[in-house]
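Open the model in your viewer and keep the selection tool at hand.

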Amino acid sequence: MLANLIGTLMAWLPTESRKITTANLSLCFPELTLPDRQHMVKASLIETATTAVELGFAWRAPAAKILSRIVSISGHQAMSEALALNKGVIIVAPHLGNWEICGTYLATLGPITFMYKPQKAEAFDRFVRESRSRMGGALAPTNRKGVMMAVQALKRGEILGILPDQEPKMDGGVFAPFFGVNALTITLVSKLAARTGATIVSVFAKRLPANAGFEIVFGRALPGVASTDSVTAAIALNQLVEDCVRQVPTQYQWEYKRFNRLPDGSKNPIYR
């Protein structure tokens, strides 16, 4: 109820979230009519507000209570087969559904390290680290030290979680299509896979209707995601993320400036 009200207000008022969401959906779904796009903007903002409202539960509730909200699991064979190889598993978890719920579930499958982007505010960064590590997972920052932690975890045959759809620095990514639009895309996933031989698996926690809980959805990566050619790998990675998003498009975080940087280094004017 609260999330519905917040999301509706964000869609009605001239908010930054509405502006960014509208711009992204215009780029990614140009075939939609204006009324359909407006409806999708509102639905997306309600889902984003729902994720925000759920954060307290996902970060502070007992693990057993969080896990009780997971009512079904799809595609688990992909994860089971990857774990059985004992070469490490790279989990690609887009900003889709509730990715914090995913983290709690993944921690039940074995030792896990989550890569995360440190927050600028020290107090908030500490809170995020404490919340995400309380189930037993290790946290590796997105810097040189964190990459070494990730490599070591994978070489031990463990699980590594990465959010693949945040815009990296220019020297940390290449441009590849995402929903047909060029997006600066991380190369870290393919580099880690090439260096360690780890298997790549996608996952997201789909929010079910009527507050019925969540479905954990695993998916197999396309072979190209582990390519040593960075552009080939980025194309395959974005396709993997897109395949996940198309299953529940309104639950994706369209409020993020995914196409902010252009190939010439300038910022995309669509977000102005």
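How many aromatic pairs does a search of the whole structure find? The search finds eight. Rings of Phe, Tyr and Trp (its six-membered ring) pair if their centres lie within 6.5 Å; planes under 30 degrees apart count as stacked, over 60 as edge-to-face and the rest as tilted.

Some ground rules before you select anything. This is a predicted model, where local features need pLDDT of at least 70 and side-chain atom pairs count only at pLDDT 80 or more, while totals for chains, interfaces and linings use all residues. Residues are numbered from 1 along each chain as its sequence is written, and side-chain values use heavy atoms, leaving out hydrogens and water.

**Stop 1: the rings**

Select F29 and W254. They form an edge-to-face pair, 5.8 Å centre to centre, with 75° between the planes. F29 sits in the loop between helix 2 (16-28) and helix 3 (34-60). W254 is in the segment after helix 10 (230-245), 225 residues apart from F29. Helices (H or I, at least four residues) and strands (E, at least two) are DSSP runs, numbered from the N terminus. F29 is buried at 8% relative accessible area, and W254 is buried at 1%. Buried means under 20%, exposed over 50%, partly exposed in between (1.4 Å probe, protein chains only).

F179 lies in the loop between strand 6 (173-178) and strand 7 (181-186), 75 residues from W254.

Now widen the selection. Ring pairs link F29, F178, F179, Y252, W254 and F259 into a cluster.

**Stop 2: the cysteines**

Select C102 and C244. The structure holds zero disulfides. C102 is buried, at 2% relative accessible area. C244 is buried too, at 4%.

**Stop 3: the surface**

Select L2, L5, I6, L9, W12, L13 and V53. Together they make a nonpolar surface patch of about 680 Å². Like charges are joined within 9 Å, nonpolar side chains (Val, Leu, Ile, Met, Phe, Trp, Tyr) within 5 Å. Accessible areas come from the Shrake-Rupley method with a 1.4 Å probe; for residues, only the protein chains shown count as cover. Helix 1 (residues 2-12) gives the most to this patch, five residues. End on L9, in helix 1: L9 is partly exposed, at 39% relative accessible area.

Technical notes. Patches are made of residues with over 30% relative accessible area and no salt bridge: like charges are joined within 9 Å, nonpolar side chains (Val, Leu, Ile, Met, Phe, Trp, Tyr) within 5 Å. A salt bridge is a side-chain nitrogen of Lys or Arg within 4 Å of a carboxyl oxygen of Asp or Glu. A disulfide is a pair of cysteine sulfur atoms within 2.5 Å.
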